[in-house]
Each structure stands twice: as structure tokens, then as C-alpha cells.
Amino acid sequence: MSKLGTKVQLYLTANSKDYETEFNAGNVIVMDNGSGAFIHTWNVDGLTKPTDSQLDALDSDATKSENNAGIRATRKIDYGDIGEQLDEIYKDIDAWKARIKKIKDDNPKE
């Protein structure tokens with residue numbers, strides 16, 4: 001099951017709202033008081049607070065988004081420092097391509 005924050009993010013994006021702007025401005029606050037996450041604050045101009053069923057409908061996409069975020073984080077670590085990669089490309093671009101392909105193959109996105 002995906003996180004409420006991810007489902008809210010997808011709901012905002014699907015309704016042409018920038019989730020970073022809304023979260024950073026404090027227009028949307030998701031909290032967890034120990035008995036589960038909930039939307040504490042919803043002050044998004046022109047968009048009503050999502051219902052549980054609207055959020056539940058986004059669960060599959062939210063799970064995919066969270067899984068892909070984990071994969072991107074793993075890949076980023078495996079890729080290594082960009083300066084080292086540039087040096088590797090300069091020295092042997094084919095070896096670099098093979099290494100990057102293996103990282104992507106070992107960590108496929110959904």
C-alpha cells in the first residue's frame with residue numbers, strides 16, 4: 001500500500017496543481033498521529049479535498065511511483081560521482097555504457 005502523501009501528490013498533479021508549491025506553501029499538510037496518515041490541512045485554491053475513494057483509485061500509480069523512486073535512488077548510488085563518470089566516458093565510453101546498462105538492467109523501473 002502506498003503512502004498518503006504520494007497519492008495526494010498524484011491527485012494534485014492530475015488536477016494541474018504543482019504539488020511542491022502546494023506543500024511548500026503549507027496549503028496541504030499530511031500528518032500521522034500514530035493511528036494512520038490523514039490530510040490535516042487542505043487550502044488548495046480551486047480544488048476540493050480528495051475523497052478516500054479518489055485517493056484509493058490512485059493507490060496503484062502511487063505504489064509504482066514510490067517503487068520507481070527507490071529504484072532511481074539505487075541507480076544514483078550505483079552510477080557514482082558525475083565527475084568520475086565523465087572521466088570514465090573520456091577514457092572508455094564503451095565500458096561506461098556497458099556499466100550503466102548493467103545498472104539499469106539490475107534495477108529496472110516498473
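The bend at a residue is taken as the angle between axes fitted to the seven residues ending there and the seven starting there. By this definition helix 5 has a kink of about 130°, centred on Asp92; helices are DSSP runs of H or I with at least four residues, numbered from the N terminus. The structure is a predicted model, in which local features need pLDDT of at least 70 and side-chain atom pairs count only at pLDDT 80 or more, whereas totals for chains, interfaces and linings use all residues. Residues are numbered from 1 along each chain as its sequence is written, and side-chain values use heavy atoms, with hydrogens and water left out.

The expected span is 1.5 Å times one less than the number of residues. Helix 4, with 21 residues, reaches 30 Å from its first C-alpha to its last, close to the expected 30 Å. Helix 4 is followed by Gly80, which has a positive phi, near 85°. At the start of helix 5, a side-chain oxygen of Asp81 lies within 2.9 Å of the backbone nitrogen of Gly83.

Residues are classed as buried under 20% relative accessible area, exposed over 50% and partly exposed in between (1.4 Å probe, protein chains only). In helix 5 the buried residues are Gln85, Trp96, Ile100 and Ile103, and their cover includes helix 4 (59–79). The buried residues of helix 4 are Asp59, Ala62, Asn68, Ile71, Arg75 and Tyr79. Helix 1 (4–14), helix 3 (52–56) and helix 5 are among the elements that cover them.

Five salt bridges were found in a search of the whole structure, a salt bridge being a side-chain nitrogen of Lys or Arg within 4 Å of a carboxyl oxygen of Asp or Glu. One joins the side chains of Lys91 and Asp87 (3.0 Å, N to O). These two residues are four apart in helix 5 and therefore separated by about one helical turn. Lys91 is exposed, at 63% relative accessible area, while Asp87 is partly exposed, at 32%.

Lys102 and Asp106 form another salt bridge, with the closest N and O atoms 2.6 Å apart. Both residues lie in helix 5, again four residues apart. Lys102 is exposed, with a relative accessible area of 51%, and Asp106 is partly exposed, at 47%. In the salt bridge between Glu88 and Arg99, the closest N and O atoms are 2.9 Å apart. Glu88 is partly exposed at 22% relative accessibility, as is Arg99 at 27%.

Methods. Contact = heavy atoms within 4.5 Å. Polar contact = N/O pair within 3.5 Å; in protein donor to acceptor, adjacent residues only side chain to side chain.
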